[in-house]
Amino acid sequence: MGKRRKVILPPALPPETPDEEFEISDEDVEFFSENRTFTHFLAHFDRKKIDKHVTRVADKSEDEIERLYERRNRNNAPLDSRENDLQVDPVDALPIKTLDGKLQYRTTKKVRSEEGHASTDLTGEEDAEKQGTNLIRLTKAERNKKLKKEKKEAKKLKEDEDIAPNSPKEKIHSEVLKEVEEEISAEESFGVKKIKLAEIGMALLEDPEANIRSLKELLDFCKDKDPQVVKLGLMSMLAVFKDIIPSYRIRELTDKELAMPVSEAVRKTRYFEYTLLRSYKSYLQKLIELQKEAIFKLVVVRCMCTLLEAAPHFNLSEKLLAGTVRNISSSDDVIRKLCCEAIKSLFKNEGKHGGEGTVRAVRLIAQLVKKHHCQLHPDCLEVFLSLRFDEDLGKHENKAEENNKFTKNKKGKQEPMKHLPPSEKKKSKQELIAKTRGEVYADYKAVSFAPDSEKRQRMQSDTLSAVFETYFRILKHAVDASDPRFMPETSGSHAQPLLAPCLEGLGKFSHLIDLDFMADLMSCLKQLSGFRSGTHLQSKTFNVNSSGSDRSSNRLTVSERLQCCIVAFKIMKSNLDALNVDLQDFFVQLYNLLLEYRPYRDRGEVLAEALKTMLWDGRQHDMQRAAAFIKRLATFSLSFGSSEAMAALATLKQLLQKNTKCRSLLENDAGGGSISGLVVKYQPEATDPYLSGALASVLWELSLLSKHYNPSVSQMASNILSMTNLKPTQNIVNPSLIALNPIQAFWESTVQKELLKSMNAKVPPSLKRKRKRDQDMEYYVLDPQKLRNIDSQVIGEEEAKLRFEEHFKVLRDISENERLKGELNRTLASISLYDEFKREKREKERSVVLKSGKKKAKVLVKRSSS
Amino acid sequence: MAKKLGKKARKFARKGLQTVQKQKRKQRTFFKKKSAPRGRGLNGEAPDENEENLNHERNVSQLDQNVGGGHVFDKNIGNLLGEEDEVELEDDFSDSDGYLSEDTECPYISENENENISRDDTARGTFQEENTEIKMQIAKQKKELDKLLAKDKEFAKFLESRRSQLEQYDRMVSDDEEVEGDEEEEEEEEQEEQTRQPVTQTTLDVWCWLVTEDPNSPALRNLLNLYHNASLFGVITSRNEKSAQIVSHEVYSTVINFVLCEADGIFRALLGVAENSNAERILMKLKSSKEWLNVGPLVKSYFKSSIKLLNQVTDTMLLVFLLFRLMSSVVFLHAFSSLGRRLIKILVRFWSTGEDQLSTSAFLLMKEVASQLSSDYFNICMKAMYRTFVARCKFVDDSNLARIDFMKSSFLEITSLDVQQSYLVAVSSLQRLGDVVKHSSTTKKKEDLMKINNWQYINCLNLWVKFICLNYKENNLQQLFDKAVRVIFGVTSLFTGPRFLPLKLKCAQMLNDLSLTSGHFIPVSSLVFECLDLTGVVTGKMDGDEEPRLKLSTLLKVPGNLLKSRRFQEECVRSSVEVLCTHFSQWSFHVSLPELSTIPLILLKRCHEKATVESVRRLIKRFIDQAEQNRDFLQMKRDGVSFSPNDQTSIDNFLLLEKSNVKSSFTQFYASMLQNSQIRNMVK
């Protein structure tokens, strides 16, 4: 199209020049004046036609001319840009008016294309961000590949960009680029860094040996100013380390080894290991350093915990462990949880580190407890519960070894016997073989990761001693604290936060406690369980140590004291043969603690557990004691909720079943104390079960309990009552209920469980539909007399009439008032409208005046002009 | 009356203020949405609710600690209501205009007589002065206007052009409350634009005479129309003077009185129903009969006008009068369900907000409606009442304790009319209450706990507990009983610590009630143990008696500053002793009372030792003495028997004689204790 127009249009366009610029020379004038005929053709010149021809395209309007030029230029533009090695999209071309425009045109072009790159980068970054996070957590090959592809693309684009400034107009470009770069916000640079991180991480994951050097780069990211970048850097390094850390511990090379010439492969590996170790070290240092800063704390702790979980065997794990343990009692729930989980997993996966980590962790925690005087969060002791001790470890291996030895010996004995006849040479050869074998075995042992049983046993005993050291420390501390003379200022129920998990742990590991400690431990527990009973009941003579103040033991909650009893019993049970400790005191404790128990304040499940371990599990009790407990439990269930009652009744039943003689309590023996002990009359307030004289009592409670609102309780009660008729040898009454132990019974009927029971929406058939419809209805709640009075208070017709009249008047007046107000408002408004009216009028007048003035003026003008 | 007048005047004066108008217009858009379909039935309620809201806000600030912000409750209403299916039936008002076609034969006598219908100026009340004042002002302003008009001739024209604008002023004065009803009533009026001359006293007398002589007389229609007019009086007269059929106060009061007093008898006579016959059966019979076709519209008009009148009248005594008059003809409502609904709505409003007498009579009428008419009415009544109760029991203080009590008991009266129907509501409500507890016990979030620790929840729970107690004996409510006990124990399990003692005590009281009616044993004592542990830690000054007594009955959660005060402890111990007292007195003659009292007594003794406040000590000591006396007595008696605990019948018969004999000192002690507590919990 342009070409065609080119043809049409006149080649040059002189008419642009204005007339004034035409300098007519004198000669010309002369010439034309002389030869007039020459100008003759001019006379016949059809100017219009020529004009039409010359400006055929452009003559429509000035605007159109401009547009035409523009178009023409635009068509030329691609050519120019091609010269400059620039891709120019015609769509992006801006209209050009001046020569300058060309330049502008091109540079804008450049910027635009760059921006385009940037935007693609951005989208790439977003992906990278997403995948970067993925990368940190799940390092799936596919994702990585995808990510890598994108990275490559991004790189290519970048390279393109890099090439671009090499174009001829470089100077301008670089200037513009600078500007643009400045314009790129911090966010974008953050994005760039993110990409970089992802790239390095990817490369590292792909080929750790080759790219191990980039770890340093990653480390540099952790020194960035932007905390966000630092966090990302830490996390990426975590991901990388998690992946590339070898499953063995890297050993420092000796000088001798360093001096030895090695193959290329070994050198490479050494280098890799060396670099890895060094950067790991500096990474850990960085972590420890950053840990002090609040913003990084969570990230750092997360990194540490994850590393500890992933590579507890690796070098420097002590540092990790120390860092984790330091935060194990953090007040921040998230951090504490993380640390606890990490330690727990350390305990659970001993295979990863061969138990060394466990020992170290336990020791560290023990130190922590010691350092903080047992004032830590209970969570940090709860981790001990995940410890596992292999009791058979030593025995089993020993046995195996013994067997081995035995067989070996046998063999050894037999073999030499057999092979004795052969020559000395053979013998020496055999010895050699044995020797080498032994060496190989030793080497293997040294190299192989799994420590031998002996070592493991040692470690286990170390762990145990550390654990029990902690436990005993806490107990001791609690005992001291419970004595007001030592720590008078501690108060509140949480003075011993660690006691509960400590007791729990003691209960769990009770079978591992050294017998030597037993006596001390028991006395400790005894003291803690509130041996002095701390009540106001008439203290009986059994109080040996009760010289201290009365309430001192109340520092511990009922649950804790119950736990003490439970622990004592567990210890006792697991060391039944070895120990000869009288647990009577603990029974006394339980007997009295039943009174201290408060639902919802104390943990019901602990009570149930105590009942189970102390009463339900036991084989047979002293008759006095059994009777006392039976009576107390029955009384107890009268005053407390159904779940507690159920637990108590389950225990009671078991007791009755085991102690057949106590069934006499179920019957009201008129004769009385045929079997009653020392105390003839039942003393409900006695603190010592032996002195309560419970055998003389009757379980009247059960009759009331059988009226209990809770069907299971009442059923249980009547069930127990029906035991009266059983012969001493008969036992089972109802197999479904007998199976319940106190803990189950407790959980069976907790409030929450009860609430789950839904109602049947059906209307029971016996409901009354409607009651009498007589005039004189009965009233159920309201006082009928009062209602009748209302009747009489109703005003008579006469008064009603008067009141209605009054009401009418009021209504009338109100309506009158409304009407009047309306009128008043209307008048007022009318008056106020007058102002408006006046104003309008004035304006009108003014406009009239103006108009007339204008008219006058016009007339004057006309006149003057004419 | 004067007070009422004053109130009305004040209200009216408020209307005049522009700011108030603006505000009202704003509010109206809000209320309109809600009440528009109900027509005039709820017109008056909008401002009422407003006031109520204000009251609540005040209460919130007062009780600040006690309640935890309104939002919780609002959310809860929906939850606690058993049903949300408030289906609004189409009002069948549109099908008739409320006027009955009149027989032209009926005489209008006003033309013939020169009765003085000019207004007498007696007892005009406060408006008279205002009106005359306004009149004077109008005269003054008019003069001025006239002056202006005279000054400028064109001004008149200008005013004419602005007429529409001026007329707005008229409307603004009067239309602020009646908007909802307007459309309806204006329609009505357009239809009855026919000749309606003013009725004079004489005409009315003649009509009345005619009607008394012969119920079939056409004058009855005229009378009812006049009654209808009377009911509209004051609403419409202000704007259009069309319905000024009633011009004198005598006519007004006579017609209302006459219709109210005689209508029931006349209708019955027309239908041929005896005064005291079983209404429903006859009504059913009549429903299709010829007479009903004639009488039906009359009755409808009567009710419609009466309902309007109920909305109009503000005087309590008049309302009571009206309600009592309507009571006798409640049977007829059966045919007009939407009217019935409207009436119930008005009644519920009166019941929940009206003065003592009014609310009682509203309740009585409601009961009549619920019992006489079909079960639909019963349902509507019950649900409306429950809903209103739930909405109004968010706050408890001295001022509304009696009201809530009354609402509770009157609701129970209604529900026990038809236990079967209310059972269903009770089941669903209790289920909801239980769900809230269940949810809270799993989440243990503060906001969930707040859903329980508020008066609305507790009042609802208490309401159903009372329902169970009331109907347990005659009906099989075991399921409800079980659920209620579980819910209550669930509630108590959620709150620990002395701060929630009032709540726990309330729960304990409810459990005691349930136990007493059902005869089941419910272990209540553990609920107050916490309270007993608390004694002895008084930190506050031993202040004198001037200090107002702390009322636990109006508290759910004790403010922290009171926790260790002397009076709180006093109240605490007193209330827990009362709870134990009820518990013991229930089982005071049961074989196992000695065991039942063992643990509480041990704790009480400890408490007695610890207590530092003399009054507390004395109280506990007395209780311990009496309980021990009871125990010793029983132990003594028990030693003499030979049956065993498994002999249930003998146990049931144990000390039956003594039980009926209430002379033993401990029984008397329990009784007096309980009486005292009742007196103490009454509103002072």
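1. In this predicted model, the interface of chain A and chain B holds 8 residue pairs in polar contact, both partners being at pLDDT 80 or more. The count of salt bridges between chain A and chain B is 4, and one such bridge joins the side chains of A:Glu823 and B:Lys142, at 2.7 Å from N to O.

2. On the side of chain A that touches chain B, the elements giving two or more residues include helix H27 (584-596), H29 and helix H37 (797-865) of chain A, and the largest share, 38 residues, comes from H37(A). By class, this side of chain A has 47 nonpolar, 25 polar and 36 charged residues.

3. As for extent, 108 residues of chain A are in contact with 152 residues of chain B, and the area buried between the two chains is about 12500 Å², of which carbon and sulfur atoms give 63%.

4. The largest nonpolar core has 336 residues, of which A:Tyr283, A:Leu475 and A:Leu525 touch the most other members; helix H11 (residues 249-271) of chain B gives the most to this core, with 13 residues. Apart from this core lies another, of 9 residues, among them A:Ile831, A:Leu833, B:Leu148 and B:Phe155.

5. Leaving aside neighbours within four places in sequence, A:Tyr283 is in contact with A:Leu219, A:Leu234, A:Met237, A:Leu238, A:Phe241, A:Cys303 and A:Leu307.

6. Helix H24 (residues 525-534) of chain B is mostly covered, with 9 of its 10 residues buried, including B:Phe529, B:Glu530 and B:Cys531. The buried residues of H24(B) pack against helix H29 (623-639) of chain A, together with helices H22 (478-494), H23 (501-518), H25 (566-586) and H26 (593-610) of chain B.

Note on methods: Residues are numbered from 1 along each chain as its sequence is written. Chains are lettered from A and ligands numbered from 1 in the order in which they are written. This is a predicted model: local features need pLDDT of at least 70, side-chain atom pairs count only at pLDDT 80 or more; totals for chains, interfaces and linings use all residues. Side-chain values use heavy atoms; hydrogens and water are left out. Buried means under 20% relative accessible area, exposed over 50%, partly exposed in between (1.4 Å probe, protein chains only). Helices (H or I, at least four residues) and strands (E, at least two) are DSSP runs, numbered from the N terminus. Contact means heavy atoms within 4.5 Å. A nonpolar core is a set of buried Ala, Val, Leu, Ile, Met, Phe, Trp, Tyr and Cys residues joined through side-chain atoms within 4.5 Å. Buried area is the accessible area (1.4 Å probe) that two parts lose on being put together, summed over both. A polar contact is a pair of N or O atoms within 3.5 Å; within protein, one must be able to donate a hydrogen and the other to accept it, and residues adjacent in sequence count only if both atoms are side-chain atoms. Ala, Val, Leu, Ile, Met, Phe, Trp, Tyr, Cys and Pro count as nonpolar, Asp, Glu, Lys and Arg as charged, and the others, Gly among them, as polar.
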